[in-house]
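Have the viewer open while you read.

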Amino acid sequence: MRQRMVPLASGVVVEVGFGSGLNLPYYDAAKVRRLVGVDPDGAMLALAKRQNRALPFEPECLQACGESIPLPHSFADTVVVAYAFCTIPHPGAALAEIRRILKPGGRLIFLEHGQSNAGWRRRLQDRLNRLWGILAGGCNLNRNPFQLVASARFDVRDAWQEGFPPAFWLLGSHYAGVAIRQPD
């Protein structure tokens, strides 16, 4: 999924939930003018900085949470969020910040796991969500990324949902898409 979605990023790019830089190998250096990685975990950002050496551009790392991104209004052409909406405590607030830092017409590229389509799996995700969150660093099993993004006034395009391999069934479904920032 990373290989399919991350290369779509272009211009000035902000990645929310940058972590250790797992997406760095997938950015197309010919399309990215500037890359800013935002993550609340300083230790993870230190790991990402070590990965930078193999890239033709130098990503900037900002230690901040998704709900309060220290960048100016209309800063980015593209925002990438990969497997972070599940752990962001207030995803609606983070999406409002993403809207704020995106230029009008800017793109949000997202890839996530979330709520299953199957009724029994969805019910099990709901039941296990609290325990899973404690064990998995605040990860939520039962969020619906399409609903989150659409409710934040993004126009979701090129979206798809597919299942995980059987060993990862508890993660529900894979969600991915490109969403355009709607005008205010």
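## Strand β7 and its partners

In this predicted model, strands β5 (residues 102–114) and β7 run antiparallel, joined by eight bridges. One spot to look at is Glu-112, which stands opposite Tyr-175 of β7.

Strand β6 (residues 154–163) also runs antiparallel to β7, again with eight bridges. Here Val-156 has Ala-179 of β7 as its bridge partner.

## How enclosed is β7?

Is β7 buried or exposed? Nine of the nine residues in this strand (residues 173–181) are buried, so the rest of the structure largely encloses it.

In a regular strand, side chains alternate between the two faces of the sheet. Both faces of β7 are covered: Ser-173, Tyr-175, Gly-177, Ala-179 and Arg-181 are buried on one side, and His-174, Ala-176, Val-178 and Ile-180 on the other.

## The aromatic cluster

Now for the rings: the structure has two aromatic pairs. Phe-110 is buried, at 0% relative accessible area.

Phe-146 also pairs edge-to-face with Tyr-175, at 4.8 Å centre to centre and 80 degrees between the planes. Tyr-175 counts as buried, at 1% relative accessibility. Put together, Phe-110, Phe-146 and Tyr-175 make one aromatic cluster.

## A charge over a ring

One more ring to check: Arg-99 lies over the face of Phe-154, 5.9 Å from the ring centre.

How values were computed. Residues numbered from 1 in each chain as written. Predicted model: local features only at pLDDT ≥ 70, side-chain atom pairs only at ≥ 80, totals over all residues. Heavy atoms only, no water. Buried < 20%, exposed > 50% of the residue type's maximum accessible area, 1.4 Å probe, protein only. Helix = DSSP H or I, 4+ residues; strand = E, 2+ residues; numbered from the N terminus. Pairing = 2+ DSSP bridges. Phe/Tyr/Trp six-rings, centres within 6.5 Å; stacked < 30°, edge-to-face > 60°. Lys NZ or Arg CZ within 6 Å of the ring centre and 35° of its normal.
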